[in-house]
Amino acid sequence: MTQRIENLAAWQQAPGQKLHIGPADLRQPAANEILIRNAAIAINPIDWLLQDNALLPWLDYPTILGSDVAGEVAAVGADVERFKVGDRVIGQAVSTTVNDPAQGALQQHTIVLEHMAAPIPDRMAFTEAAVLPLGLGTAAVGLYGKTNLALPGPSLSRVARDEVVLVWGGASSVGCNAIQLAVASGYRCITVASARQGEMLKKLGASEVFDYSSPSLVDDVLAALRCRRLAGTLHATGSIVDCFAVVGASEGVRTVAATLTPPEERPEGVDAAHIIGPSLKDDEVGPMIYRDFLPRALAEGTYVAAPPARIAGHGLEALQQALEMQKAGVSGEKVVVALA
Ligand SMILES: NC(=O)c1ccc[n+]([C@@H]2O[C@H](COP(=O)([O-])OP(=O)(O)OC[C@H]3O[C@@H](n4cnc5c(N)ncnc54)[C@H](OP(=O)(O)O)[C@@H]3O)[C@@H](O)[C@H]2O)c1
């Protein structure tokens, strides 16, 4: 009976205020939802952006922010067949998209849509797994969404393709997932990141990593693309002007899927699309990732949780500090709070 479960949340009472810990009602999961008892919560840039600013006109305050949870299933909706109480899972929470605090991550229990959750292997710690959801979901929308790059989906068999996916900002949370997904879709992936992250990104599957601080960056990436065709480009972070310069001078698909609103000014022939991270809850991309691909890929170890977690602290009280840590900037890491 979910009504009897006690639940505390880190409330965002209004933009510009710090988190406030207090009780939050729990409701039964609807037919297509699960309730997760959170053991770990990861922080994304949008969390502190929404703490500081009223960016979403539809969002009522007080609200509960946050997208990334890992924990155990505490209750399931009537139509849910894939999960049972006690299963270890991750979930991508969508409170700020649907204006429902019960679906926010920054609390002890979170309601998540069934097709936005995936089981995790026993060997994977909750703090490790919590880094995945929004970074993974956003990369998937950019690569597979019909209004973005619309590439063929990831598979365990990795049918090899001749074309290249360029990931700009590979060491970011979105970038680490974009590299792994592009490779799982069979593409060769080249990426732009700092030199110190090169080894990590090659382990994730990038075939070449170009240092964003190099004065010859655009020429270096273009040289790597010579005699190759782009299947598409995902801009996670970094200079979009340099990214457009590369794409504009390359062969193949000159479309850039960008995490931030792309500027109108771009070289002739370059197309750009803005990634709406949570949109996969409403189309085929959500089930493609969370039902069909991720559970087996995690179980087989062909997909890993990256970037690695940096534990900001324990308990809901650590969440404010975690937001400030992510705002101050991370390097090849994801800020995580452990609850259990
Ligand atoms: N549209 C959406 O729905 C959506 C969803 C999620 C995120 N986002 C946005 O996507 C962006 C990425 O988010 P995130 O959570 O993935 O970021 P993040 O993990 O916080 O990004 C940090 C990483 O960016 C790298 N970086 C910094 N400057 C760079 C540069 N000039 N070139 C290449 N890499 C650079 C850093 O690497 P080094 O430390 O090695 O320099 C660091 O590892 C943010 O702007 C976020 O707001 C949008």
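User: How many nonpolar, polar and charged residues does the shell around the ligand have?

Analyst: Ala, Val, Leu, Ile, Met, Phe, Trp, Tyr, Cys and Pro count as nonpolar, Asp, Glu, Lys and Arg as charged, and the others, Gly among them, as polar. The model examined here is a predicted one. Sorted by these classes, the shell around the ligand has 13 nonpolar, 15 polar and 1 charged residues.

User: Which residues come nearest to the ligand, and which element gives the most to the shell?

Analyst: There are 29 residues around the ligand, and those that come nearest are Ser194, Gly238, Thr259, Gly277 and Ser331. Two or more residues are given to the shell by each of helix H1 (45-52), helix H4 (133-144), helix H5 (173-184) and strand E9 (188-193). With 3 residues, the element that gives the most is H4.

User: From which domains does the shell around the ligand draw at least three residues each?

Analyst: The domain bounds come from an automatic or database assignment. The shell draws at least three residues from each of two domains, namely domain 1 (2-131 + 308-338) and domain 2 (137-278).

User: Is Asp271 buried, exposed or partly exposed?

Analyst: Asp271 lies in strand E14, residues 271-274. A residue is buried with 20 or more other C-beta atoms within 10 Å of its own, and exposed with 12 or fewer. Because Asp271 has 13 C-beta neighbours inside 10 Å, its class is partly exposed.

User: Which residues does Asp271 touch, not counting those up to four places away in sequence?

Analyst: Val247 is 24 residues from Asp271 along the chain, and their C-alpha atoms are separated by 9.4 Å. Not counting residues up to four places away in sequence, the residues that Asp271 touches are Arg254 and Thr255.

User: Which residue is the bridge partner of Ile90 in E7?

Analyst: Strand E5 (residues 88-92) is mostly covered, with 4 of its 5 residues buried. E5 pairs with strand E4 (residues 68-76) in the antiparallel sense over 5 bridges, and there Val69 stands opposite Gly91. E5 and strand E7 (residues 117-119) also run antiparallel, joined by 3 bridges. In E7, the partner of Ile90 is Ala118.

User: What is the radius of gyration of the chain, and how compact is the chain?

Analyst: The chain has 10 helices and 16 strands. For 340 residues the globule rule gives 20 Å, and the radius of gyration is close to that value, so the chain is as compact as a globular protein of that length, at 19 Å.

User: What percentage of the residues in the chain is buried?

Analyst: The C-alpha trace spans about 65 × 40 × 35 Å along its principal axes. Among contacts between residues at least 6 apart in sequence, 69% join residues at least 24 apart. Of the 340 residues in the chain, the buried share is 54%.

How values were computed
Residues numbered from 1 in each chain as written. Predicted model: local features only at pLDDT ≥ 70, side-chain atom pairs only at ≥ 80, totals over all residues. Near = placed C-beta within 6 Å. Contact = placed C-beta atoms within 7 Å. Pairing = 2+ DSSP bridges. Rg over C-alpha atoms; globule rule 2.2 N^0.38 Å.
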